[in-house]
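Okay, thanks for coming, everyone.

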There are 2 protein chains.
Amino acid sequence: MPPLKSWLSIDPQSHFSIHNIPFGIISTAQHSSPHPAIAIGDHALDLQVFTEQNGFAALSIIQPHQHVFGEKTLNAFAALGRPIHRVVREYLQSVLLENGPFPDVLQNNTQLQQHALIPLHSCKMHLPMQITDYTDFYAGLNHAYNVGVLFRGPQNALQPNYKHLPVGYHGRASSVVVSGTPIIRPNGQILLNPSAEKKEPILSACKRLDIELELGCFVCKPSSLGQPISVKDAPEHLFGLVLLNDWSARDIQAWEYVPLGPFNSKNFGTSISAWVVLMDALEPFATTGMANDTQVLPYLDEKGRKSHFAIDLEVTLTTSQGNTSNIGKTTGKNLLFSFPQMLAHHSVGGCPFNVGDMMGSGTISGESKREKGCLLEQTDGGKTEVALQGGETRKFLEDGDTVRITGVCGGEAGALVGFGECVGRIEPAPVLKF
Amino acid sequence: MPPLKSWLSIDPQSHFSIHNIPFGIISTAQHSSPHPAIAIGDHALDLQVFTEQNGFAALSIIQPHQHVFGEKTLNAFAALGRPIHRVVREYLQSVLLENGPFPDVLQNNTQLQQHALIPLHSCKMHLPMQITDYTDFYAGLNHAYNVGVLFRGPQNALQPNYKHLPVGYHGRASSVVVSGTPIIRPNGQILLNPSAEKKEPILSACKRLDIELELGCFVCKPSSLGQPISVKDAPEHLFGLVLLNDWSARDIQAWEYVPLGPFNSKNFGTSISAWVVLMDALEPFATTGMANDTQVLPYLDEKGRKSHFAIDLEVTLTTSQGNTSNIGKTTGKNLLFSFPQMLAHHSVGGCPFNVGDMMGSGTISGESKREKGCLLEQTDGGKTEVALQGGETRKFLEDGDTVRITGVCGGEAGALVGFGECVGRIEPAPVLKF
């Protein structure tokens, strides 16, 4: 299929081609209350204005639900369910399509264009969803293996459960922030000399601050206590994906995590990209994930369904000196379990879900060094250094470093389905006084 | 101080004496939308009706905030802050006081009594707070030690971090339910033969279903990303306490929990008592907790402040045959860290808090067998049996079992400050089909 073409001028390298139509929450100088929009090229189409000025007049199915485009988050839109998401996305595509069926809605309506088409650079982006519960999985097999080797050696790198179920833990919803939010280096308890027999922690700014390259997935369909979601039905519960940086304080984590798992090492900030790419936009890039040499139990068996996505992921680091280096490159296919499998497992015991719940994939790493999704892996646990442009090096992140994750599907110019970016700059830890 | 006396007839053994005034969310046949109330003796005082009929006319400070008593949860009331909670609670006490300053508000107002004083047995109770994030700690030293002995032997029972910081993990907010909600036995992956070399899990109904006796604490003051809450300021961030049963699937937990902690073993239901006992009501019972032989870092040092509470806790089990047995008895003092310490630690790295966040204490156990707060401890990991009334025995919970936790401060009749109960009955696991 040749790329669709819009009457609106769109850079062929834009992540937000007419094939994408991601949803987000914007505010502007004129309209300071957060409200929904889609991204198209280097513009946002303000859906609140579009709705108020009868942009959806031709789409009768959305008439009773138009209030969702006046909300401060996408939760109400998400809750309408995937059949409605599909119709709305396809309608907006057709409104933007060259020689499309609805030229009078926007193309020939310069007044609406003036009010509703806003340059992206003048939009302030907000958290797209009110995140009710956040769960972080660990489905990146290479990451789990690499970290396991560091802690337990290659023979016992993966725990016995690893290939049988998507290992995960409950995260902290309150600390999820939208791309661009500064990340403040956390203080916490660390051991200066972890190998000393006497364990005497100090309170210190984290000295081993790391990234974790992940995908996040939003739930759009609620389920009740005691109601498992089958792996077959799970896709209808999924709204869309975002890029996710699960910032991690490795020294705090090493001291705190036994026996109940990561805690303060993870709850000082989790960044997500601002635009939610709907599952329907990702469908053309559906593929299988990593092969699992363990036969999973029937409740996790997707029977070969393609429910992973070929998303090209890239991480760059820009130092305060202004040097930008690529420090990671991998693909969304590097996951052993898919989001439908994660949801099926998460709910099999009866855990209930709300619209706005988010699942993180776990760190996505490839096999080679530069395909690794966190610095802990790239530096062999802080033993080696990553060489950056301009002769700089890093073991872990320094104050002033900016980390930018990008992700995009489809190599074809003019038809890219991308996520934009997930970016955060490290600010110094606050000085604590007692 | 002799007990205060109300003009309302109150059983001297009631948990809801005039010294208490706990807040909850009720609905009734006449008024089916959930709304706030307080418990007094065997009545609820409906605060929505009380407000509408000018019950707060004499309390000018609450005038601008009266809408909080028309909300579906206590979050808006909690958000008013502790100074307002104090004033409202003391005003309601004075309205209920014999020979009090406000006899015309309720005592001499039979019409308002008819509308606003509702027998507790005709109230349906709802979750008192919209729980935004839930964190479960592990501050019950005896429990942590006992479980540690089971898993690692007495030499290594406690991890090196245990006495330095309140160990905790993020829980699942969506699965917190109000007392009385049936608990459905979860399905999940378990190992039938954990000691076999080849680990082949099956999907099964949990066979080792357990309780965990805890206290829960609600946050009433928000904090921002990067904003630590000092242990000194923490008490002003706390709204009140509830009883909490952290139902646990031990076999699912044993298989899933490495390396990231408990997950599906904990997210199928967490019960809390319906009435929130405000921190001010608990102040007279403030005491120190367990002695910590480790000097904590300054950010956790309460300098001897009494921030634990002498709450007598009791657990009973009623089988489907109708036999009721006391299976646990302990005190809220059996905690190594207090809620202010938990909040100070949780926020030290910058984790933000919302009004409605809940912290669980961790399982509270004493030292003797019948003081242990879960069956795993009482049965030495399922090796021995607990003897019940009527010749029945249990290692873990069976379908149809009802577990009831009660908690009360103060032995003096007529002045009890109690929590009522936190109760749940086990229903069979659903049959899963693929």
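B:Cys351 is in no disulfide either, with the nearest cysteine sulfur, that of B:Cys217, 15 Å away. B:Cys351 is buried too, at 0%.

Quick housekeeping: this is a predicted model, where local features need pLDDT of at least 70 and side-chain atom pairs 80 or more, while totals for chains, interfaces and linings use all residues. Side-chain values use heavy atoms, without hydrogens or water, residues are numbered from 1 along each chain as written, and chains are lettered from A and ligands numbered from 1 in written order.

Now the interface. Chain A and chain B each put 64 residues into the contact, meaning heavy atoms within 4.5 Å. About 5,800 Å² is buried between them, 64% of that from carbon and sulfur atoms; that's accessible area (1.4 Å probe) lost on putting the two parts together, summed over both. On the chain A side, A:His170, A:Arg172 and A:Leu260 lose the most, together 14% of what that side buries.

And how many salt bridges are there between chain A and chain B? There are 4, taking a Lys or Arg side-chain nitrogen within 4 Å of an Asp or Glu carboxyl oxygen. One of them pairs B:Arg172 with A:Asp357, closest N and O atoms 2.6 Å apart.

Methods: A disulfide is a pair of cysteine sulfur atoms within 2.5 Å. Buried means under 20% relative accessible area, exposed over 50%, partly exposed in between (1.4 Å probe, protein chains only).
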